[in-house]
There are 2 protein chains.
Amino acid sequence: MRNVRMVVSYDGTHYNGFQTQPSGNTIQDVIEAGIKSLTGEDLRINGSGRTDAGVHAKGQVFNFLTESRIPVDRWALALNTRLPEDIVALRADEVSHDFHARFSAKKKTYRYSIDTNKFPDLFTRHHRFHHHAPLNVSAMREGLAALVGEHDFTSFASTQSTQLSHVRTIYEASIEESEGGLDIFVTGNGFLYNMVRIIAGTAIWIGEGKLEASDVSGIIQAKDRTKAGPTAMPHGLMLWHVEYPE
Amino acid sequence: MRNVRMVVSYDGTHYNGFQTQPSGNTIQDVIEAGIKSLTGEDLRINGSGRTDAGVHAKGQVFNFLTESRIPVDRWALALNTRLPEDIVALRADEVSHDFHARFSAKKKTYRYSIDTNKFPDLFTRHHRFHHHAPLNVSAMREGLAALVGEHDFTSFASTQSTQLSHVRTIYEASIEESEGGLDIFVTGNGFLYNMVRIIAGTAIWIGEGKLEASDVSGIIQAKDRTKAGPTAMPHGLMLWHVEYPE
């Protein structure tokens, strides 16, 4: 029995999110079906975490225990022959039996991408949120900086969150500007349900002047979802990278 | 009656090309229907040229004569309310009555985009051709350079071409490299049916070593389609820019 870790990218446009759920059509279902058609094994994969319907991944990570003798460096190529064109395995390695994609994760980085062109750039429309009105990027940066640290992020979690604790640590929250767009990157030790989308929605409100950067500390302290900005559209969000201890 | 020129971008994935044809589902049909729903006019637009099924445009240009009093600087915004999400009008201006998007065009630039990552970048898969095997980019550049000038491009035209003359001028043919990809840009005074895709296919064969850069002059001289490389897949191609006299 080997414990295989894989990195996978997906275009979440047509899926009900990563994690298996009763309504079906999830990334996890498709990957598990792919593995079954490859090895005959009816196994479950452990994802590093769920992503919402419509959210994408550049580097989602999962692991699974397999009896298969497929050499680990052939796994990505082999699995890709069984995956649809909007899910692609990027690499695989063998890890020790105590590795679990979710519990072993140290840091996660998400990107929220905004197309600021007057009219949308069609070729990125499925993974960038189009927002033409001018955004005050330096105010957005200042607001994001106020999130860094260990806080109770109740104000930035869906009221449907079932987590016992809403305390999380954000290590970095920054913006990269490019021609016709900007990318918000947020790195933390874990994220609550809808947390990055609410951070993005709040940053956009700050950029629009509907909130001030200096409001962010008070929003955190309020522990009240209604104080933060809206939940930004899912299609702008991408799970960028999951970091594990060496 | 005003002559309006518009620049439009489209994702050609789901269309049978730009120009109206019996089988329907063309970009032109959709734009003309959009104009009709806006002004009530049953008019024909003049495109700068056709693009094949599956080919995209960043800056296709068309013109049309209209009685509408919509101010020209409102046309793009207005038309976009009547267009699907994979076609977007970018700008409009009023031009003199002797302007015709096809006959007045001075130069056209196409881009052919190649994803060279081991596994495809999902987020560009509809507008880049995935080709992982190593490509000799300097040989490709040398081969493309040999196309520059005025030549009979019969070897680089579909045998279905109905043009009387196959003489065209290529002003520039170059490659831009980026991380995980390369873009071939070709600028000319006009292109024959499938010409840019055959140029791209030939450049890829040179990159793979199936042809030599020094073969290109002979291929041109042969005036024989079978001497050039294959017709590259349409989805990597994008009409980039159409230039008109000031």
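User: What lines the second largest pocket, and which residues lie nearest its centre?
Analyst: In this predicted model, the lining has 40 residues, and A:Gln19, A:Gly49, A:Arg50, A:Gln163 and A:Phe191 lie nearest the centre. The volume, meaning the space filled by probe spheres set on joined grid points, is about 1,100 Å³. Local features here need pLDDT of at least 70, and side-chain atom pairs need 80 or more, while totals for chains, interfaces and linings use all residues. Residues count from 1 along each chain, chains are lettered from A, and side-chain values use heavy atoms.

User: What makes a space a pocket or a cavity?
Analyst: On a 1 Å grid, a cavity holds points where a 1.4 Å probe fits but cannot get out, whereas a pocket is open, with protein on both sides within 12 Å along at least five of seven lines; lining residues have an atom within 4 Å of a point. The whole structure has three cavities of 30 Å³ or more. The largest cavity takes up about 160 Å³, and A:Phe123, A:His126, A:His127, B:Phe123 and B:His126 are nearest its centre, among 18 lining residues. The second largest cavity holds about 50 Å³, and its lining includes B:Met140, B:Leu144 and B:Phe156.
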